[in-house]
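Here is a short report for a first look at this structure. Keep the sequence and the 3D view open while you read.

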Amino acid sequence: MSTLLESIARIRREVCELHAELTRYGLVVWTAGNVSGRIPGHDLMVIKPSGVSYDDLTPDLMVVTDLYGTPVSSISADAVPARWENPDLTPSSDTAAHAYVYRNMPDVGGVVHTHSTYATAWAARGEDIPCVLTMMGDEFGGPIPAGPFALIGDDSIGKGIVETLRNSNSPAVLMQNHGPFTIGKDARSAVKAAVMCEEVARTVHVSRQLGEPLPIDPGQIESLYDRYQNVYGR
Ligand SMILES: [Zn+2]
């Protein structure tokens, strides 16, 4: 049983390290992409600071907020790392969307957002990625759905993510004209979903250049998904 401060330290380390996967897999440019993680058992989350380049991220720069995106230094005196007091360090501009997901999907422990090229190209058309690969059946259990158009500034992005993913097996949603948001049981699974989402977006796009990819029967998709999620283990 770890203390709150131990959990915060662990999740900050994890969330910090996982940003390296975004650059490793070419999912982000400049500072436009972010990972967050829930602090298990607490109404708190950890997210990338706004505008800090990926090479400069360190665990103590990761911002801890409540599930409304407010940095906790201002609300909780018992868990205050020094850097939160740095006024230059504000949570990612996408924090409200991440926070809305944590408030409304209690099983979600990690959220990722990128503008990865191929997934975002599908998002620009507002088009679901059809489930035409067995790896999509495994990972996504069906198509990767397109979500609504929503502007940053209130809960509309968060709402769009939650409403779309609630009716889907997919841990990824392509927000229209914007890009992918992914969820997972923890930050690591949400990052994996972001990597796989870009991979299948690219492959299905390439496949389409020479014709129409063959659909997979819904019954087969279901058994792929079942096997991968339950037997093969998640
Ligand atoms: Zn964005």
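## Asp-155 and helix H5

Asp-155 sits in the loop between strand E5 (146-147) and helix H5 (156-166). Helices (H or I, at least four residues) and strands (E, at least two) are DSSP runs, numbered from the N terminus. The model is predicted: local features need pLDDT of at least 70, side-chain atom pairs count only at pLDDT 80 or more, and totals for chains, interfaces and linings use all residues. Residues are numbered from 1 along each chain as its sequence is written, and side-chain values use heavy atoms, with hydrogens and water left out.

Which residues does Asp-155 touch, leaving aside its neighbours within four places in sequence? Its contacts (heavy atoms within 4.5 Å) are Ala-96, Tyr-100 and Arg-103. The side chains of Asp-155 and Arg-103 make a polar contact at 3.4 Å. Such a contact is a pair of N or O atoms within 3.5 Å; within protein, one must be able to donate a hydrogen and the other to accept it, and residues adjacent in sequence count only if both atoms are side-chain atoms.

Helix H5 has buried residues, among them Ile-157, Ile-161 and Leu-165. The buried residues of H5 pack against helix H2 (95-104), E5, strand E6 (172-175) and strand E7 (179-184).

## Accessibility

Buried means under 20% relative accessible area, exposed over 50%, and partly exposed in between (1.4 Å probe, protein chains only).

| Residue | Class | Relative accessible area |
|---|---|---|
| His-113 | buried | 1% |
| Leu-61 | buried | 10% |
| Asp-155 | partly exposed | 30% |
| His-115 | partly exposed | 37% |

## The zinc ion

Three histidines coordinate the zinc ion: His-113 (NE2), His-115 (NE2) and His-178 (NE2), at 2.0 to 2.1 Å. Along the chain, the donors follow the spacing H-x1-H-x62-H. Donors are N, O and S atoms within 2.8 Å of the metal (3.2 Å for Na, K and Ca); water is not among the atoms, so sites may look incomplete.

Strand E1 (residues 33-39) runs antiparallel to E2, joined by four bridges. Two strands pair if DSSP finds at least two bridges between them. Four residues separate the strands of this hairpin, and Gly-41 takes a positive phi near 80°. Ser-36 stands opposite Ile-47 in E2. E2 also pairs with E3, antiparallel, over four bridges. There, Ile-47 has Val-63 as its bridge partner.

Both faces of E2 are covered: Leu-44 and Val-46 are buried on one side, Met-45 and Ile-47 on the other. Leu-61 lies in the loop between E2 (44-47) and E3 (63-66).
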